[in-house]
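Hi,

Here is the structure I promised you.

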Amino acid sequence: MDILLLSVSLICLILLGAPIALAMIVLPTIYILITDAAPLLTVPHQMYEALARFPLVAIPFFMLTGELMNSSSVTRRILRLSSVLVGKMRGGLAQVNMVASLFFAGMNGSAVADTATIGTVMIPTMRERGYSAPYAAAITAIGSTIGGIIPPSIAMIVLASVANLSVGALFAGGILPGLLITFMLMFVVWVIARREGHERGEVAFSFAALMSAFGAAALALSVPAILIMGILGGWFSSVEAGAITAAVAFFIGAVAYRDMSRKAVIQALSRTVRLSGSVFIIIAAAGPFSWLLTRLGALDLLEAWLGTFAGSPLAFAAALLLIVFVAGMFMDATANIIVLGPMLIPVSVAAGYEPIQAALVVVVGFLLGTVTPPVGVCYFTAAAVAGARLDRTAIALLPFITIEILVLFLMLLVAPLTLAIPAWLGLL
């Protein structure tokens with residue numbers, strides 16, 4: 001009964017518009033005040049424990065890297081390179097949006113940041129070329145989920161810190177699923193473009209144009225290259241990688257491109273503080289909420305129910321994805337990763353899956369929640385930028401969400417998709 005009351009209370013608070021972090025702090029506080037089950041200091045103590053993890057220090061560094069890159073001409077250079085790569089493909093601007101999301105994924109690791117950065121540039125242009133507002137918003141929102149899959153990934157860093165997993169192994173394991181999702185989403189865009197008669201790309205693909213665009217963006221692309229090689233090669237930790245890439249991003253904008261002003265740097269630092277604060281307050285709030293779920297036995301019940309499907313790989317995959325998808329509809333991805341991730345991974349391992357494989361499914365599944373109503377933050381952000389109705393944006397998202405769910409099943413049923421690169425690099 002307590003578990004049901006807690007669930008209903010949380011959903012009601014969210015639907016009433018209460019911030020996720022506030023809801024997760026208020027409910028344990030009220031529970032303690034009513035039941036006297038623990039000292040009231042348990043709430044701030046659990047908040048502190050949730051934050052007292054060294055890998056989390058990497059998050060503001062990666063956010064700062066993205067903000068610094070966006071403060072220079074990097075966005076324009078990346079979009080030019082994406083346009084050349086797409087060529088005359090049907091649905092040109094939508095395809096450019098997807099390819100640009102792939103590149104930006106290797107710079108800031110945040111789905112929300114990708115939505116805001118790419119959306120403000122691409123959505124108005126797509127609207128001018130005849131794309132409907134809901135479709136432009138849907139393309140931008142779903143493309144932003146790639147930012148949490150391709151390394152660096154803030155979501156992976158958070159999960160690694162709470163589940164005692166290797167950040168490098170998670171980063172390596174996310175490469176193939178991220179690429180597969182990108183190519184499959186581009187295929188759906190192509191199919192829809194043929195059906196709707198969307199425009200073709202403006203810039204014809206040629207080797208000369210590719211070399212020119214690549215040369216202009218080469219320094220910007222060095223940031224994800226340094227990051228991936230450094231972490232996967234074991235040269236530095238995720239925290240050190242964040243600091244180094246932030247320094248490189250500053251050098252590129254201020255010294256190499258010389259188009260980053262002092263004011264832009266200050267604004268980038270300011271935005272980083274605000275964004276980091278919003279992420280860390282959710283991480284902190286998830287601490288007492290997770291404690292309350294454990295106290296009430298909710299996680300044990302969920303673990304026992306999921307364990308009943310362990311004998312059938314297909315049934316277990318369906319049950320696991322159902323939990324991930326439903327939870328993602330009502331709670332922030334970061335909160336879900338902290339609260340449910342440490343429970344879902346051991347159950348998946350008991351069912352025969354590798355820890356890194358299960359962890360990546362959890363990450364990608366919860367990131368999908370950022371584009372699903374009623375609380376998908378990327379879904380709301382993209383719709384707001386496009387000025388699109390939420391219901392029509394949700395409908396436009398359906399074929400893309402279906403594709404990502406299909407990839408999630410493949411990640412569970414085809415182990416090499418997530419384990420091949422980590423194994424090749426000796427990270428397993």
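The lining of the second largest pocket has 17 nonpolar, two polar and no charged residues. (Ala, Val, Leu, Ile, Met, Phe, Trp, Tyr, Cys and Pro count as nonpolar, Asp, Glu, Lys and Arg as charged, and the others, Gly among them, as polar.) This is a predicted model, where local features need pLDDT of at least 70, side-chain atom pairs count only at pLDDT 80 or more, and totals for chains, interfaces and linings use all residues. Residues are numbered from 1 along each chain as its sequence is written, and side-chain values use heavy atoms, leaving out hydrogens and water.

Back to the pocket: its space comes to about 530 Å³. Of its 19 lining residues, Ser-7, Leu-302, Ala-327, Met-331 and Leu-340 are the closest to the centre. Helix α15 (298-307) gives the largest share of that lining, five residues. (A pocket is an open set of points on a 1 Å grid over the protein atoms alone, where a 1.4 Å probe fits, with protein on both sides within 12 Å along at least five of seven lines; lining residues have an atom within 4 Å of a point. Helices are DSSP runs of H or I, at least four residues, numbered from the N terminus.)

As for confidence (pLDDT, from 0 to 100 for each residue), the chain's mean is 83, and 96% of its residues reach 70 or more. Helix α1 (residues 2-15) is lowest, at a mean of 75, and α21 (residues 416-424) highest, at 91.

Cheers

Notes
pLDDT = per-residue confidence, 0-100. Helix = DSSP H or I, 4+ residues; strand = E, 2+ residues; numbered from the N terminus. Points joined across faces, edges and corners; volume = space filled by probe spheres on them.
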